[in-house]
Amino acid sequence: MNAREKVESVEREMVSSIEIESARRICLRDIKEHLSGPFLSFVLHIFVLVFFGSLIVIKPPEERKELLIDVVNMPVREMKRELPEPPPQPDPEETVERDTEIASEAPENPVVAVDTPEVMNPEPQPPAPRINLTDSVFKMPVGLPLPMQNRKGPAKDKIVRDKGLQGTEKSVVRALNWLRDHQNPDGSWGDQRHSKAFLTSVALMTFLAHGETPVSQDYGMCILKAAERLMAMVEGRGSSGLVAEDRNTYGHPAVAYALGETFALTRMPRVGSAMEAMVRTLVCGQNSLGGYNYGHNNKPSSPDPADRKAVSGVPRFDLSVSGWHYQALKAGFIAGSETAGLEKSMDAALSGLKREMFSGGGFKYCNLNKSESPSPTMTAVGLLCMQMLGSPDGAEAKKALRWMEEFKGGELLECRWRDIDKYSNGGTKSWPLYQWYYQTQALFQATGGEGSLWTRWDKEFRRTFLREQAEDGHWTSPADSYARKGSSGHGERSSGEGAPFSKLDLDIYSTSLCGLTLQVYFRYLPTFKIASAPPKEKRRGASTEGLLIE
């Protein structure tokens, strides 16, 4: 190879070496240019994620409270009462009354006065009730006692649907809301001390008739407070054994009645104990005629020289007072009371009613006045109580029903709310809500809610009650609103001389009675349906199964 060729070879090698180095530099530069962007982006995303992640606070899960419900078998005493003809019937106990005496339906016949001790508690307003949910275990029956099985659930829904009672249900709910909003802080109702036992009892039963219990969402606390207040009344009784916040011994059996219904629906042990204590006083307070008197004063009446028509030498049998006692006895029976002598007391009551009834079918207010005539109000009381006590289809009950249907050409089947003075009987004018409550119950029990007789009265009273309800849900008695101006004396009145009610107490009384009357379709099964139930079901005071709610 000559020198020139060597030079060219060396140059070519140098150029190749330069090109290779240049190419290497280009590749590194390109790599840096292509990777720096994604790398910086990756680093930036990591930073952003770490920054925002530090702002997130993970809240620990809240502790969840659980309601444990166990189904348990609850022993309930089987009802042993087996009535003669017609068959047994642990059924209705109906009626709401007031805590003052109902005057004789024949004003011209004076009521024989009986000296009775005034049962009053001098202590001031009682403290608020102790609502101790941890103290008691609510044993809510899975199934209601047979007579009460239509108070809630599918059975009630079907009745509402079949009979078109949707408007009636709305009216009852408005009444319950008004009663709830007017309950005293201590669980009672009313502003007059002597009325609180009665008013608290009938107001509570208005909720119970609607199927409400202490676990109801809207009214549970209201019911608990009322039950606690009634139990406090039982615990606070004096040496007489009668509750103190009462007058004329209407409130005492009303408390027993309300506690009996509460226990039947809840199986709360403390309520059961209070109920048993009250039922014992009813059994012991009955007189030899099977009836009851003010203050359970059962001494034979003394001769009255000024009244040759007065009966002497026998206890006073006050049918109005007795009616409340009979309802309470039956409530205790349905609830399964184990008080000794309860069934004998119920038998004595039925015998007394049959003996006191006029041959034509009517009843009068008091046995001590020979000349007193039968009255519509007391006949409704007598008929309903015979139905409750085991004789719904007996000859006496049929006579009483016919007497009511035919009285003054059917006058009693007209609900004359705004024409109260057009009734021919003084008792109906003075105590219309009292009479309509008893009458509605008695007609429903007698007819089973069917037939022309029931249809006529049902249409009358239901249409009238719904029309007369105030916008806020309460009622007041027509005797106070529409009776002749200037009227005074005994009756459902808050004004005029001798009026036994304050305005608030009259509204509570009226709203409770109207609310209960409008629930006649559900409150108790008709007696003949109970009598035709399977033997096992007829003899039970409550379901044998219950929910244990802790």
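This is a predicted model: local features need pLDDT of at least 70, side-chain atom pairs count only at pLDDT 80 or more; totals for chains, interfaces and linings use all residues.
At 40% relative accessibility, Ile46 counts as partly exposed, because this value falls between the limits of 20% for buried and 50% for exposed residues. The protein chain contains 19 helices and three strands, and 55% of its 550 residues count as buried. This briefing moves from the surface to the overall fold, and then to selected side-chain pairs.

- Ile46 is located in helix 1, which covers residues 3-55.
- Together with Phe42 and Leu49, Ile46 makes a nonpolar surface patch of about 330 Å².
- Ser351 belongs to helix 9, formed by residues 342-356.
- Ser351 has a relative accessibility of 41%, so this residue counts as partly exposed.
- Ser351 and Leu389 stand 38 residues apart along the chain, and 9.8 Å separates their C-alpha atoms.

**The chain as a whole**

- The protein chain has an accessible surface of about 25,000 Å², and carbon and sulfur atoms contribute 55% of that area.
- Among contacts with a separation of 6 or more, 79% are between residues 24 or more positions apart.

**Salt bridges**

- Side chains of opposite charge can pair when their charged atoms come close.
- In the whole structure, a search finds 16 salt bridges.
- One of these pairs joins the side chains of Glu261 and Arg151, with a distance of 3.0 Å from N to O.
- Glu261 lies in helix 6 (residues 251-266), whereas Arg151 lies in the loop between strand 2 (138-141) and helix 2 (154-163), so their pairing ties together parts that are 110 residues apart in sequence.
- Both partners, Glu261 and Arg151, are buried.
- Arg229 and Asp186 also meet in a salt bridge through their side chains, at 3.4 Å from N to O.
- This pair links distant parts of the chain, 43 residues apart: Arg229 is in helix 5 (residues 220-235), and Asp186 is in the loop between helix 3 (166-181) and helix 4 (196-209).
- Arg229 is buried, as is Asp186.
- Arg523 forms a salt bridge with Glu261, and the closest N and O atoms of the two residues are 3.3 Å apart.
- Here too the pair links distant parts of the chain, with Arg523 in helix 17 (residues 520-523) and Glu261 in helix 6, 262 residues apart.
- Arg523 has a relative accessible area of 0% and is therefore buried.
- Glu261 is likewise buried, because its relative accessible area is 0%.
- Arg151, Glu261 and Arg523 are linked in a network of salt bridges.

- Gln327 is part of helix 8, which spans residues 319-335.
- With a relative accessibility of 0%, Gln327 counts as buried.
- The side chain of Gln327 is joined to that of Tyr438 by a polar contact of 3.0 Å.
- Ser320 also has its place in helix 8.
- Ser320 is buried, as its relative accessible area of 0% shows.
- The side chains of Ser320 and Tyr250 are joined by a polar contact of 2.5 Å.
- Ser320 and Thr377 are 57 residues apart in sequence, while their C-alpha atoms are 9.1 Å apart in space.

**Aromatic pairs**

- A pair of aromatic rings is described by the distance of the centres and the angle of the planes.
- A search of the whole structure gives 21 aromatic pairs.
- Among them, Phe198 and Tyr509 form a tilted pair, with 6.5 Å from centre to centre and 35° between the planes.
- Phe198 lies in helix 4 and Tyr509 in helix 16 (residues 503-517), so the pair ties together parts that are 311 residues apart in sequence.
- Phe198 and Tyr509 are both buried.
- The rings of Phe461 and Phe465 have their centres 5.5 Å apart and their planes at 85°, so this pair is edge-to-face, because an angle over 60 degrees counts as such.
- Phe461 and Phe465 are four residues apart in helix 14 (residues 451-468), which means that about one helical turn separates them.
- Phe461 is buried, and Phe465 is buried as well.
- Ring pairs link Phe461 and Phe465 into a cluster with Trp417, Tyr423, Trp436, Phe444, Trp454, Trp457, Tyr521 and Phe522.

Terms used
Residues are numbered from 1 along each chain as its sequence is written. Side-chain values use heavy atoms; hydrogens and water are left out. Helices (H or I, at least four residues) and strands (E, at least two) are DSSP runs, numbered from the N terminus. Buried means under 20% relative accessible area, exposed over 50%, partly exposed in between (1.4 Å probe, protein chains only). Patches are made of residues with over 30% relative accessible area and no salt bridge: like charges are joined within 9 Å, nonpolar side chains (Val, Leu, Ile, Met, Phe, Trp, Tyr) within 5 Å. Accessible areas come from the Shrake-Rupley method with a 1.4 Å probe; for residues, only the protein chains shown count as cover. A salt bridge is a side-chain nitrogen of Lys or Arg within 4 Å of a carboxyl oxygen of Asp or Glu. Contact means heavy atoms within 4.5 Å. A polar contact is a pair of N or O atoms within 3.5 Å; within protein, one must be able to donate a hydrogen and the other to accept it, and residues adjacent in sequence count only if both atoms are side-chain atoms. Rings of Phe, Tyr and Trp (its six-membered ring) pair if their centres lie within 6.5 Å; planes under 30 degrees apart count as stacked, over 60 as edge-to-face and the rest as tilted.
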